[in-house]
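Good morning, everyone, and thank you for making time for this. I would like to walk through one model with you, going from the overall fold to a few individual residues, so please keep the picture in view while I talk.

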Amino acid sequence: MIVALHSAPKGFFKTDPPYGSDELLKFVRKAASLGFKAVQIGPLRNFVSIEGERLRRVLDSLNIERNVHVGGIYNAKKFASTEEEYVTAQKQIHYGITLCKEISSTLVSIHPPLFATRDKVSKKLLSKTRTRFLKLLKEEVDFASRNHIKIALESFCYRPFIFESLQEFMQFVSRFPSEKLGVLLDIGHVYHIGIDLYEAAHAFKYRLLDIHVHDATLEKDFRTATHLPIGKGAINFLEFINLLQEIGYDGWLTLEIRGSEREIVKSKEYLENTLKH
Ligand SMILES: [Zn+2]
């Protein structure tokens, strides 16, 4: 396992997103200067006019591994009923795959659509959204696979997303061959929602392609309860790393924390030291 960086240190970008190509390259160089050997580019809505060729050259020159995180916030209700939202999601995922190819990466990760409300959603609407998402993903997974790229669906397997349990999420993922579609496990969010990490890791073990790492608590407000530096929340990382070794995971631990440069480096060192022992 290696520790990768997804989130920039607090205050690194001086303005609100979207950021241009120069700022993205600055982030990549920052990651290298902090000792990271792998970076995740994204979420793509935060960036505009990324120059893929140039990005690839910089990554190559710094000898940094890379993958692409499309992310994406797609309104499930609109996604089910309008062409517009469907096309928006389709374009973003498609662009993510193209960028992935341009920077010689082999993995792109995406989010499922989510409902804007936490109210009960009718079975009919839920099933329609899933069917449409299945159709979209089938097309994109084929496109990605023709370019030797895998897609990973992030583990949003609970409300307000279109899956309501680990089982439902895995049922959906299992509709695809495992060499084409895998899972990105986000341990901070899964922990915060109350899902057992042991259960999640085992449910995903044959499909696990990447892991978003951040500490979390069980407090209600996800904005303050997640994306914490390691040690600031309640997750037992020693146990978690052991669990990953037990299931034979050998991919990235991708830091997605809201923290200062110092906190990012400390989180990275904690993970690396734990891996060594
Ligand atoms: Zn995540």
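The protein has eleven helices and eight strands, where helices (H or I, at least four residues) and strands (E, at least two) are DSSP runs, numbered from the N terminus. Its radius of gyration is 18 Å, close to the 19 Å that the globule rule gives for 277 residues, so the protein is as compact as a globular protein of that length; the radius is taken over C-alpha atoms, and the rule is 2.2 Å times the number of residues to the power 0.38. Please bear in mind that this is a predicted model, in which local features need pLDDT of at least 70 and side-chain atom pairs count only at pLDDT 80 or more, while totals for chains, interfaces and linings use all residues. Residues are numbered from 1 along each chain as its sequence is written.

Taken along the principal axes, the C-alpha atoms fill a box of roughly 50 × 40 × 35 Å. Two residues are in contact here if their C-beta atoms, placed from the backbone, lie within 7 Å, and among contacts between residues at least 6 apart in sequence, 79% join residues at least 24 apart. Buried residues make up 42% of the 277 residues; a residue is called buried if 20 or more other C-beta atoms lie within 10 Å of its own, exposed if 12 or fewer, and partly exposed in between, with C-beta atoms placed from the backbone.

Let me turn to the strands. Strand E7, residues 208–213, has six of its six residues buried, so it is largely enclosed by the rest of the structure. Strands count as paired if DSSP finds at least two bridges between them. Strand E6, residues 181–186, runs parallel to E7 and is joined to it by four bridges, and Asp-186 has His-212 as its bridge partner in E7. E7 is also joined to strand E8, residues 252–255, by two bridges, again in parallel; here His-212 is partnered with Thr-254, and Val-213 with Leu-255. E8 also pairs with E1 in the parallel sense, over four bridges, with Leu-5 standing opposite Leu-255. Within E8, Trp-252 and Thr-254 point one way, Leu-253 and Leu-255 point the other way, and all are buried.

What covers the buried residues of helix H11? The cover includes strand E1 (2–5) and E8. H11 (residues 261–276) has 16 residues and reaches 23 Å from its first C-alpha to its last, close to the 22 Å expected at 1.5 Å a residue, the expected span being 1.5 Å times one less than the number of residues. Its buried residues are Ile-264, Ser-267, Lys-268 and Leu-271. Seen down the helix axis, these fall within an arc of 95°, so they line one face of H11, the arc being that of the directions from the helix axis to the C-beta atoms. Arg-262, Asn-273 and Lys-276 are exposed on the other side.

Leaving aside residues up to four places away in sequence, Val-183 touches several residues, including Ala-152, Val-173, Phe-204 and Leu-209.

I will finish with some backbone details in the loops. A cis peptide bond with omega of about -5° joins Gly-42 and Pro-43, and Pro-43 sits in the loop between strand E2 (38–41) and helix H2 (52–61). Another cis peptide bond, with omega of about 0°, joins Arg-159 and Pro-160, the latter lying in the loop between strand E5 (150–154) and helix H6 (166–173).

Which residues other than glycine have a positive phi? One is Ser-49, at about 40°, in the loop between E2 and H2; another is His-227, near 60°, in the loop between helix H9 (222–225) and helix H10 (237–246). Ser-49 is exposed, with 10 other C-beta atoms within 10 Å, whereas His-227 is buried, with 23.
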